[in-house]
Amino acid sequence: MIASRPKAILARLLVGSVAMGVVAVSPAAAQTTNNAPGAAAARTEVPKARPWMNTAIGADARVELLLQAMTLDEKLQLTFGYFATNADWLKTPIKNWVYPKDGLPASAGIVPGIPRLGIPNQWQTDAGVGVASQRGPTPRLRTSLPSGIATAATWNPELAQAGGAMIGREAFLSGFNVQLAGGMNLTREPRNGRNFEYGGEDPLLAGIITGHEIKGIQSQHVVSTMKHYAFNGQETNRNNIDHKIGEQAARQSDLLAFEIANEVGQPGSVMCSYNRVNGHYACENDWLLNTVLKRDWGFKGYVMSDWGATHSTSEAANAGLDQQSGWAFDRSAYFADALREAVNNGHVSEARATDMARRVLWGMVSVGAFDTVVTGDQATKIDYAAHAAVTRADAEEGIVLLKTTAGLLPIAKTAKSILLIGAHADVGVLSGGGSSQVYSHNAPTNGLVVPDAFPSGFPGPKTYHASSPMKALQARTGASVTYLDGKDVKAAAAAARKADVVVVFGEQWTGESIDVPDLNLPDGQNALIDAVARANKKTVVVLETGGPVVMPWLGKVGAVLEAWYPGTAGGEAIARVLTGEVNPSGHLPATFPASLAQTPRPVLEGDPKLDRDSHPMGNYDIEGAAVGYKWFDKTGAKPLFPFGYGLSYTSFAMSGLTAAADGKGIKAGFAVKNTGAVQGKAVAQVYVSGAGWEAPKRLGAFRKVDLAPGTEQTVSVTIDPRLLATFDVASGGWRIAAGEYSVMLATSAADVVQTVKVQIAAQTLDRTGK
């Protein structure tokens, strides 16, 4: 029996309605207010001395009233933030750092408020999968979502928004009103140590999924921070590498992803990244911040720096940075006394200083942070059982079935013995490392269920969530379920010969600040899987990885599941998929290369040995906008697994594709039928092909459809005009060329089911894509 998603719990967490069809329309049309229902009722009386507390007049007007009451010093106070944790875990102590007044323990930071005006402190927490905690003997224990790439693998905006609402709720009840979530850098480099935090390689998928997570977080009166803006595609030399990319390619790739997420989620803040872009640091990049983000996209919120990403005072302020974060990570307190002096001397205008404060205030007011104010730690009110159901549903839909042999999965009820090998599957599931680290609420007080295998500092500790796949399987089968750590390969192979079914857990730990050396599973795991598969053909591999890996043993194993980092209910989710309680429906949000030789840069750019004052170069013009599957289409290389790929325990038929011009875009329709024996969810993908593009085709729309056996659903989708266009640098807008376009219905980027032709007239779009 296939279990259904806990709809009641999801509905309770979601604020407002999230139509699954949102993936089929222009992201701009998906905008709604960030003020949650009921926020206006939070203040029944508005004191005459504080007219900005009147929720009936809108965020813009409220902020202007507030600015009129502020002194210059008060405005500037909002532009400078402090790191707020004990920094003993750092390899090198932070110079000039003092624990800030009112900072919350083991948190990302604080920006002091202004009590006389009712401006609350900005209490900041990492990160995209939940309320993170800095390393220490007693970290904060909370619920973790699966990794961002796992949520992208669901292809389900509704789940992304529910997950955002869940972690936003925990952030609010933990005393935070700013969550440094919304990571979405495209997967340009499969070795990137932070790919697990992001939304994959396609701008439409990443923008839609991340935008809905942001929307969910902000429904809980918590500012979400879209990051890392922009082109932060690797961790090697991340503080100073200079990524070169032409404007057309930039606008049609990473920037389009951010643009879509901005339209869908309306984040209160954007975090600029560490790296340089075309010669200028991202946090003092006038083109990125002032031209693209604030002018072209109309972004009203504030730009905060990543921790340690500010490099100047006047240059940064005039180029669009609104808030220096996490002092004392930077070399100087650029936005403290130095900014006051710069304003007094006219190097930064008072109007710009006012705009910086305006943007910070708008970000807070727009999400209701003035009206529903955090009141300290209320963690006892967190409904961990309900939140476990949300994260488990996310994990289940994000698990991708990559290979299966008839009769092996789901695991047969007749199996008498199941052997689990590796990755501490007896006690938990792996988590990604770094600032996004959430420690499981059901873990010991130190947050660790497995002794730390990375004790040397950041991005450790190497952490496992306390959700045991072994215990979850034992609860769901009458078989004897046993575990071996796999360190003795001969012993593992010998035990495998005696088992009815073997499940090998392959792990790849990745984390912030470090990239992986290659795409192999580390520590001899490939040899272990090979030996076990030779001993028993009924070998299932469950991968817990931060991104793509190669699989030299693929032809020898019976089945492969990609589970990513599945969060604090991940063990349950894996067991439910293995036993058929849940039908896998995840599809890859990133291409799995057969080798690094197929990628745009087989050798990683930069050099880990270079210091912070060096100027290494990265050339994103190699692939330009042809990221991921587009590069493989362009070069003709055959990947190990293509973007959008995913199998099911049932079968689907897609047919009846129609397409026609619709306004400046294309409207398409088709039917999806479950032709198998069990309920399942199909991910229908619509690609488009036109002349003069960066690659042969682009993802234009997608829809996830839940179908009972034998049932059929008709689907209608609309392709955003920007996905038919090229960006015209000279005019600063988008142009659609007249001609014949192919519209393709597909189950992955490499598996097209049906194609129709559509004649499109020439169209001109403005800088917003309208």
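# Briefing: contacts, cores and backbone features

Beyond the residues up to four places away in sequence, Thr650 touches Asn583, Asn674, Gly676, Ala677, Val678 and Gly680, where contact means heavy atoms within 4.5 Å. The structure is a predicted model, in which local features need pLDDT of at least 70 and side-chain atom pairs count only at pLDDT 80 or more, while totals for chains, interfaces and linings use all residues. Residues are numbered from 1 along each chain as its sequence is written, and side-chain values use heavy atoms, with hydrogens and water left out.

- Thr650 is placed in the loop between helix 18 (629-635) and strand 23 (652-662); helices (H or I, at least four residues) and strands (E, at least two) are DSSP runs, numbered from the N terminus.
- Thr650 counts as buried because its relative accessibility is 10%; buried means under 20% relative accessible area, exposed over 50%, and partly exposed in between (1.4 Å probe, protein chains only).
- The side chains of Thr650 and Asn674 are joined by a polar contact of 2.7 Å. Such a contact is a pair of N or O atoms within 3.5 Å; within protein, one must be able to donate a hydrogen and the other to accept it, and residues adjacent in sequence count only if both atoms are side-chain atoms.
- At 3.4 Å, the side chain of Thr650 also reaches the backbone nitrogen of Gly676.

**Nonpolar cores**

- The largest nonpolar core has 79 residues, of which Tyr229, Leu255 and Leu288 touch the most other members. A nonpolar core is a set of buried Ala, Val, Leu, Ile, Met, Phe, Trp, Tyr and Cys residues joined through side-chain atoms within 4.5 Å.
- Helix 12 (residues 350-366) supplies the largest share of this core, with 8 residues.
- Another core, of 48 residues, lies apart from it and includes Ala160, Met654, Tyr687 and Val715.
- Residues up to four places away in sequence aside, Leu255 touches Tyr229, Ala230, Phe231, Ala250, Trp287, Leu288, Val292 and Trp297.

**Leu293 in helix 9**

- Leu293 belongs to helix 9 (residues 286-296) and is buried, because its relative accessible area is 0%.
- Leaving out neighbours within four places in sequence, Leu293 is in contact with Tyr229, Val270, Leu288, Gly298, Phe299 and Val303.
- A separation of 15 Å lies between the C-alpha atoms of Leu293 and Gly363, which are 70 residues apart along the chain.

**Backbone features**

- Most residues other than glycine have a negative phi, and most peptide bonds are trans.
- Tyr229 and Ala230 are joined by a cis peptide bond with omega of about 5°, and Ala230 is in the loop between strand 6 (223-229) and strand 7 (242-244).
- A cis bond also runs from Leu409 to Pro410, where omega is near -5°; Pro410 is located in the loop between strand 13 (400-403) and strand 14 (417-421).
- Ala106, although not a glycine, has a positive phi of about 55°, and the residue is found in the loop between strand 1 (80-84) and strand 2 (107-111).
- His424, a residue other than glycine, has a positive phi near 55°. His424 lies in the loop between strand 14 and strand 15 (429-430) and counts as partly exposed, at 30% relative accessibility.

**A strand hairpin**

- Strand 30 (residues 739-748) and strand 31 (residues 751-760) run antiparallel and are joined by 9 bridges; two strands pair if DSSP finds at least two bridges between them.
- These two strands form a hairpin with 2 residues between them, and Met744 has Thr755 in strand 31 as its bridge partner.
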